[in-house]
Amino acid sequence: MKLYTSWFCPFAQRAWIALEEKGVDYSYVEINPYEVDPSLPGGYTKKQLPIEVKKALYPDFVASSPKGLVPSVSDPNGDKVWESLHVVQYVDERFDHPPYFLPRGDPLKRAHVRIWSDFVTERMQKNFYMMLMDQDPGRQGKAKESFFAECRTFAKAMGTDGPYFLGKDISMVDIALFPFWQRFLWVGGYYRGLEMPDDPDFRRLHTWWEACSQRPAFNGTLVCRPRLISSYSQYSRNEGTSDYAKNLQSSLSGTQKKP
Ligand SMILES: N[C@@H](CCC(=O)N[C@@H](CS)C(=O)NCC(=O)O)C(=O)O
């Protein structure tokens, strides 16, 4: 199996963790879906490349990911899957052995795993990126409060018989959040002075982070801190033109004038 990924991408990190947890034999194919600017460290930007350019640079990758977004996987049997949470679910079912990312034989629990995985993407990380990208300190403060509120809602939904989201077993929710929590701590701390509160909800999240960080499949995907921080400088100035940045900018533009 091939994993098309970018070292800086939290979505791609989800797919990477899934393959590692399942012990899959895969090859890691590094893609840079953005423009290269030699004046920046490593040439890395968050400026979107047109799909035709991506196709010319990485034809096999775009064949497995129609919008040219990482991650995607391509199986020797011809399967191609894109979108991080769909990749995680595909890997879970294609390699149908523990650890299970969606609990088997329990439709309600499976539904909840999907609901809370989506919550991570649509609520927690969206508020975090609003805080990171918005240039107005007042609105940054509001986004931070919303971010904390979403974290507390998430913490209250967590199981109590173990450290993971469901309690004693890992699931897709842990895989969905882990790459983003790394960014909340390191990137948020660096660019916005983000410090997690010390209360029972955040202590539960801290226990969760410690437990996940000890799993080799999670730990082995952590990006080196200075490199990760430097890759977010354009987002912190709201200069990204990635697909993701454009979606958030359109949410921000309801409240913020373009410079
Ligand atoms: N919803 C997608 C988001 C993936 C995504 O936005 N990946 C970024 C890198 S972190 C990308 O490929 N950007 C290229 C672009 O915007 O053209 C997923 O969950 O996989």
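**Strand pairing and packing**

I began with E5 and E6, which pair in the antiparallel sense over three bridges. The model is predicted, and I kept that in mind throughout. For a residue pair I picked Val 73, and I found Val 81 of E6 opposite Val 73.

Next I looked up the helices on this sheet. H1 touches E1, E2 and E5 as it packs on the sheet, and its direction makes about 155° with that of E1. Helix H4, residues 84-94, also packs on the sheet. H4 touches E5 and E6, and its direction makes about 135° with that of E6.

I then turned to E1. Strand E5 (residues 72-74) runs antiparallel to E1, and three bridges join them. Here Leu 3 has Val 73 of E5 as its bridge partner. With strand E2 (residues 27-30), strand E1 (residues 2-5) pairs in the parallel sense over four bridges. Tyr 4 has Val 29 in E2 as its bridge partner.

I reminded myself that strands of a sheet pair through backbone hydrogen bonds, either parallel or antiparallel.

In what order do the four strands of the open sheet stand? I noted E2-E1-E5-E6, with mixed pairing. E2 and strand E6 (80-82) each have a single partner strand, so one side of each is left without a neighbour in the sheet. Neighbouring strands of this sheet are turned by 20° against each other on average, direction ignored.

Definitions and conventions:
Residues numbered from 1 in each chain as written. Predicted model: local features only at pLDDT ≥ 70, side-chain atom pairs only at ≥ 80, totals over all residues. Heavy atoms only, no water. Pairing = 2+ DSSP bridges. Helix = DSSP H or I, 4+ residues; strand = E, 2+ residues; numbered from the N terminus. Axes fitted to C-alpha atoms, helices over the stretch in contact; angles between N-to-C directions. Contact = heavy atoms within 4.5 Å.
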